[in-house]
Amino acid sequence: MLRFFLRRFTVAVLVALTVLTLAFLLTRLSGDLAISIAGPNATAADVETIRQVYGLNRPLHVQYFDWLGRAVQGDFGDSFFFRDRVANLIASRMSVTLTLGLVGLGIALVVSLPLGILAAVREGTWVDRAVSLVALIGQAMPSFWLGLVLMVVFGLQLGWLPISGTGSWEHYVMPGVVLAFSAIPSLTRLTRSGMIEALASDYIRTARAKGLSRLSILVKHGFRNAAIPVVSIAAVQLGFMLGGSIVIETVFALHGIGYLAWESISKNDFPVVQAVVLVLALLYIGLTLAADLLNAVLDPRLRTG
Amino acid sequence: MSGAVLPVGRGARLLRNPGFLVGAFIVGACAVLAVLAPWIVPYDPFAIDLNRRVVPPAFMEGGSLQNLLGTDQLGRDYLSRLIYGARISMLIGVLTVITSGIIGTTLGVLGGFYGGRVDDAVVFAITTRLSIPAVLVALAVAALRGSSLMLVILVLGLLLWDRFAVVARSTTMQIRNLDYVAAAWCAGVSRWWVLTREVLPNIATHLAVVATLEMALAILLEAALSFLGLGVPAPLPSWGLMISEAKDYMFFSPWVIVIPGMALFVLVLGVNLLGDALRDMMGTDLSR
């Protein structure tokens, strides 16, 4: 168990370091950073001043190690635009994104677990086909468009929910639903296939033979076994959802780190963009690591890997 | 004999699958519209007419048969722009899948075939790729380099290869120890021959399923990037860009976002239906 943990942890740290390097290269290889920062109206002298001030005239490897050294300590420098430490900016916006992600995941689980179980129990019937149709529709739905349509219907025409902003819990309902749509198809399919597999197994037949109630067989014996892959995929999905929240936060003007990233991209504020890429990547790495470990705890067969 | 019979049976089963028929119809129709766009559009999709702005579609009140799907905020014919938009979506979908398919398949086959250190490196590359937030990186690159159609294709192609690699790797692992591969080795063929003539053809159907999934994803991502203003640049009629440009009018005339959004939804649904039918045909579930 300890060896498995150490191996997994080492890989996670190496991946994190690679992403750090890529985030650095991203801003340096995509054109001249100083010209991007200076903006379209800058003179050659302005660009030169920016090179001096931000240390962009130093050799690339010096810049890299300097940046890396600070980044691993959580120091991402100053924002060009907000006149604040990047770390402070991200810390103050993080709770919004995390809330949105958890709300989205919560809605997705509440919808997809019952749907998946239902489809498995009624495998091959019209119920099963209807559920896979729901999954297909969810998969094909452009999230930003669904967001706009919900805004028109529930925000304007029915007037039930606020159209955009960050003030209260009501502001999270529509973005949460839209975000959930991206996770519902895969979670539903996984629950369905896991349940089908579990229901076909010998221990379910034993449970049936013992004359246990239908509900007890489904929940205690079936779902608990089907839940193992669902738990790990849910964690991975949360990571994807946090990464994808940039579109939804922008649509709903929800001031999380996705919105911060979008603002920073449009203002050429690259230290912030770099830091958000990193934070999202680290969250994903942490979540998949947690999912793997949880899986190993739940299912001893996986520990040998 | 049986080798010749099997594909026919599979093809016939595919043709009886309603999902496949609907999907093939949608994607086929989109492809035809995309190819024939310049010859079938009623108007020039770039022609601005400021006297006829946001005219509703013909089937709504205030619409006329002159512009079947109405006009946009600059008086451009919506139907013509929609048809040209199919061009962009199909182009992005197909070219992205080719780029990412080449990268992912190469990595996956190499990892699955050689195993050991090579495989460790491939798995590491996949893990790293998955931890990078794709939308954000694509937006940042587009902002730094200035967005263009080619850049969007390139960036998406370089980002969406992970599932190709995962599937190519696992299927190659299953195949490399099978009898017909061993027979090929015994016949004294080269490693290149085994990879291209024995392994690749036998994982091709699995890769085709991934290709549909990735094509759908690429089309959706392009629309999202264009919607955020960092995808396909104006005045090209990308469906995502059409939604973005029209959204100031959506509270008064919701149809301006409903029409391009429905087009996007239907095309992606069609691509996914094709993928599902292919997967059912093989009887395996690769979407997880």
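The model is predicted; local features need pLDDT of at least 70, side-chain atom pairs count only at pLDDT 80 or more, and totals for chains, interfaces and linings use all residues. Residues are numbered from 1 along each chain as its sequence is written, and chains are lettered from A and ligands numbered from 1 in the order in which they are written.

Chain A contains 12 helices and zero strands. Helices (H or I, at least four residues) and strands (E, at least two) are DSSP runs, numbered from the N terminus. The C-alpha trace of chain A spans about 85 × 60 × 30 Å along its principal axes. Of the 305 residues in chain A, 41% are buried. A buried residue has 20 or more other C-beta atoms within 10 Å of its own, with C-beta atoms placed from the backbone. Contacts require C-beta atoms, placed from the backbone, within 7 Å. Among contacts in chain A between residues at least 6 apart in sequence, 72% join residues at least 24 apart.

For chain A, the unreviewed UniProt entry lists "transmembrane region" at residues 98–121, 133–160, 172–190, 226–252 and 272–294. Such annotations may be inferred rather than shown by experiment. Residues 133–160 of chain A are 82% helix and 0% strand, with end C-alpha atoms 28 Å apart. Residues 272–294 of chain A are 100% helix and 0% strand, and their end C-alpha atoms lie 32 Å apart.

Chain A is assigned domain 1 (2–72) and domain 2 (93–304). These bounds come from an automatic or database domain assignment. The domain centres, taken over C-alpha atoms, are separated by 32 Å. Domain 1 of chain A brings 16 residues to the contact, and domain 2 of chain A brings 13 residues. On the domain 1 side, H1(A) gives the most, with 11 residues. That side divides into 12 nonpolar, three polar and one charged. Ala, Val, Leu, Ile, Met, Phe, Trp, Tyr, Cys and Pro count as nonpolar, Asp, Glu, Lys and Arg as charged, and the others, Gly among them, as polar.

The contact between the chains takes 40 residues from chain A and 37 residues from chain B. Helices H4 (116–131), H5 (134–145), H9 (191–227) and H11 (255–282) of chain B each give two or more residues to the side that touches chain A. The chain B side comprises 26 nonpolar, six polar and five charged residues.

Within chain B, H4(B) also meets helix H3 (residues 78–114). Residues of H3(B) in this contact include B:Leu107 and B:Tyr114, while those of H4(B) include B:Val118 and B:Asp119. The contact residues divide into seven nonpolar, three polar and one charged.

Note on methods
Two residues are in contact if their C-beta atoms, placed from the backbone, lie within 7 Å. Axes are lines fitted to C-alpha atoms, for helices over the stretch in contact, and angles run from 0 to 180 degrees between N-to-C directions. A residue is buried if 20 or more other C-beta atoms lie within 10 Å of its own, exposed if 12 or fewer, and partly exposed in between; C-beta atoms are placed from the backbone.
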